[in-house]
Amino acid sequence: MCYREKFKPTGNEKPKAALILAVCKEDATWINALSCDRFDKFVYSKCGASSLSLGIEMDCVAFTHLEGEGKQDFAYMYHIIQHYDNLHNLNVFMKVRRIP
């Protein structure tokens, strides 16, 4: 795992990761089970869906509505641009759907 030097963890501490998701109308309830101690969750709604309609609990979740129904890549780039100066050590860009 590679860290930027200024964010390098010390001792046994584990770095907190950012989980970045672009959602439309998918079932995103599985992210509720992820620990807030390990993940900051950033959810970008692409179709005007609310966190309530997606089943997302708002613990440690930054929920943002993005205009238009564009591809999820736009949400990922939006996140990088908005958080460029304070990106987490580890940024996980994921699809919401689970692959069986």
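Histidine 79 counts as buried because its relative accessibility is 1%, where buried means under 20% relative accessible area, exposed over 50% and partly exposed in between (1.4 Å probe, protein chains only). The model is predicted, so that local features need pLDDT of at least 70 and side-chain atom pairs count only at pLDDT 80 or more, while totals for chains, interfaces and linings use all residues. Residues are numbered from 1 along each chain as its sequence is written, and side-chain values use heavy atoms, with hydrogens and water left out.

Histidine 79 lies in helix 2; helices (H or I, at least four residues) and strands (E, at least two) are DSSP runs numbered from the N terminus. Beyond its neighbours within four places in sequence, histidine 79 contacts Ile20, Phe42, Tyr44, Leu87, Asn91 and Phe93, contact meaning heavy atoms within 4.5 Å.

The buried residues of helix 2 are Ala75, Tyr76 and His79. They lie on the same side of helix 2 because they cover an arc of only 100° around the axis, taken from the directions from the helix axis to the C-beta atoms. On the other side of helix 2, Asp73 and Ile81 are exposed.

| Element | Residues |
|---|---|
| Strand 1 | residues 17-23 |
| Strand 2 | residues 39-45 |
| Strand 4 | residues 90-94 |

Four strands form an open sheet in the order 3-2-1-4, with parallel pairing; two strands pair if DSSP finds at least two bridges between them. Strand 3 (61-65) and strand 4 are the edge strands, each pairing on one side only. Strand 1 and strand 2 are joined in the parallel sense over seven bridges, and alanine 17 stands opposite phenylalanine 39 in strand 2.
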